[in-house]
Amino acid sequence: VSGGTGTIKGAVATVDVACAPGAPWSPMNVVVGSALVSTLAGSGSVGATDGSPSVATFTFPTSISLDAMGSAFIGDLGSQTIRVISSVGVGTIAGSGSPGNMDGVGATASFDAPRVAADPTGNVYVADYLNNSIRIVAPDGKVITIAGSGVPGYADGAGLAARFNGPVSIAFDSSSGNLYVADEGNNRVRKVTTSGVVTTLAG
């Protein structure tokens, strides 16, 4: 790299690095920025306890996404729940705590290895990895499957007619409202429109 910026990830922290414009990339030409790592929530113990950030527990949180108010939504893989960190502490907004594939409200819904992406209004979209489906969690905790039959496979289509094979991550495009899904088992990137139509974007 001749000039530019990057990131170094280590055991302690992730820090920004910069190389002077036009300067060749070498350890001697890199300036490392300062980094401060703090704990937003979680005691460090395994569990699924809600409450104040310092006493709350998680089990393998695998994804995080912010809404416009700064609330952080967590796909808590080990507890099979969708959690939120807000100004009032840590709470669980959906998920029974056991693996399953059920729409519903709050704890009556179930997931199997969820990953999340929030939109600015607090809707949380879920790539439900082992259920091979895309779900939405409304701000009131209501969970609906918007795409994917639940059976692993590959098919574009509308709503439940579409098929995924291990949707491992998901992103929300605030400019269009579309979702983008890394469909791991199909080695493809898929798009889900606001009307639930699934197409293959690449791969």
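Author: A charge is said to sit over a ring if NZ of Lys or CZ of Arg is within 6 Å of the ring centre and within 35 degrees of the ring normal. The model discussed here is a predicted one.

Reader: What places Arg190 over the face of Phe164?

Author: Arg190 lies at 4.9 Å from the ring centre of Phe164, and the limit for such a distance is 6 Å. Arg190 is accordingly listed over the face of Phe164. A further case is Arg115, which lies over the face of Tyr129 at 4.8 Å from the ring centre.

Reader: Why are the rings of Tyr125 and Phe172 called stacked?

Author: A pair of aromatic rings is described by the distance of the centres and the angle of the planes. Centres must lie within 6.5 Å for a pair, and planes under 30 degrees apart count as stacked. The centres of Tyr125 and Phe172 are 5.4 Å apart and their planes stand at 5 degrees, so this pair is stacked. The structure holds one aromatic pair.

Reader: What makes strand 10 and strand 11 a pair?

Author: Two strands pair if at least two bridges are found between them. Five bridges join strand 10 to strand 11, and the two run antiparallel. Within strand 11, Ile134 is the bridge partner of Ala127. The two strands form a hairpin with four residues between them, and Asn132 in the turn has a positive phi of about 55 degrees.

Reader: How does strand 11 pair with strand 12?

Author: Strand 11 and strand 12 (residues 142-147) are antiparallel and share four bridges, where at least two are needed. Arg135 has Thr145 in strand 12 as its bridge partner. This hairpin also has four residues between the strands, and Gly141 takes a positive phi near 90 degrees.

Reader: Why is strand 11 described as mostly covered?

Author: Five of the five residues of strand 11 (residues 133-137) are buried, and the criterion for each is a relative accessible area under 20%. Ser133, Arg135 and Val137 lie on one side, Ile134 and Ile136 on the other, and both faces are covered.

Reader: Which strands are the edges of the open sheet, and what makes them edges?

Author: The sheet has four strands in the order 4-5-6-7, with antiparallel pairing. Strand 4 and strand 7 (89-94) are the edge strands, as each pairs on one side only. The twist from one strand to the next averages 25 degrees. Strand 5 (residues 72-76) and strand 6 (residues 81-86) pair over five bridges in the antiparallel sense, and Ala72 stands opposite Ile85 in strand 6.

Reader: Why is Ser65 called buried, and what does its side chain approach?

Author: Ser65, a residue of strand 4, has a relative accessible area of 15%; the limit is 20%, so Ser65 is buried. A polar atom of its side chain lies 2.8 Å from the backbone nitrogen of Ala118, and a polar contact requires a distance within 3.5 Å. Beyond its neighbours within four places in sequence, Ser65 is in contact with residues including Phe73, Val116 and Ala118.

Reader: How do you know that Thr59 is buried?

Author: Thr59 is found in the loop between strand 3 (30-32) and strand 4 (61-66). Its relative accessible area is 11%, so Thr59 falls under the 20% limit and is buried. The backbone oxygen of Gly47 lies 2.8 Å from a polar atom of the Thr59 side chain. Apart from neighbours within four places in sequence, the contacts of Thr59 include Val46, Gly47, Asp76 and Ser79.

Reader: What makes Gly153 buried?

Author: Gly153 has a relative accessible area of 17%, which is under 20%, and is therefore buried. Gly153 is placed in the loop between strand 12 and strand 13 (157-158). Leaving aside neighbours within four places in sequence, Gly153 is in contact with Arg163, Phe164, Asn165 and Asn186.

How values were computed:
Residues are numbered from 1 along each chain as its sequence is written. This is a predicted model: local features need pLDDT of at least 70, side-chain atom pairs count only at pLDDT 80 or more; totals for chains, interfaces and linings use all residues. Side-chain values use heavy atoms; hydrogens and water are left out. Rings of Phe, Tyr and Trp (its six-membered ring) pair if their centres lie within 6.5 Å; planes under 30 degrees apart count as stacked, over 60 as edge-to-face and the rest as tilted. Buried means under 20% relative accessible area, exposed over 50%, partly exposed in between (1.4 Å probe, protein chains only). A polar contact is a pair of N or O atoms within 3.5 Å; within protein, one must be able to donate a hydrogen and the other to accept it, and residues adjacent in sequence count only if both atoms are side-chain atoms. Contact means heavy atoms within 4.5 Å. Axes are lines fitted to C-alpha atoms, for helices over the stretch in contact, and angles run from 0 to 180 degrees between N-to-C directions.
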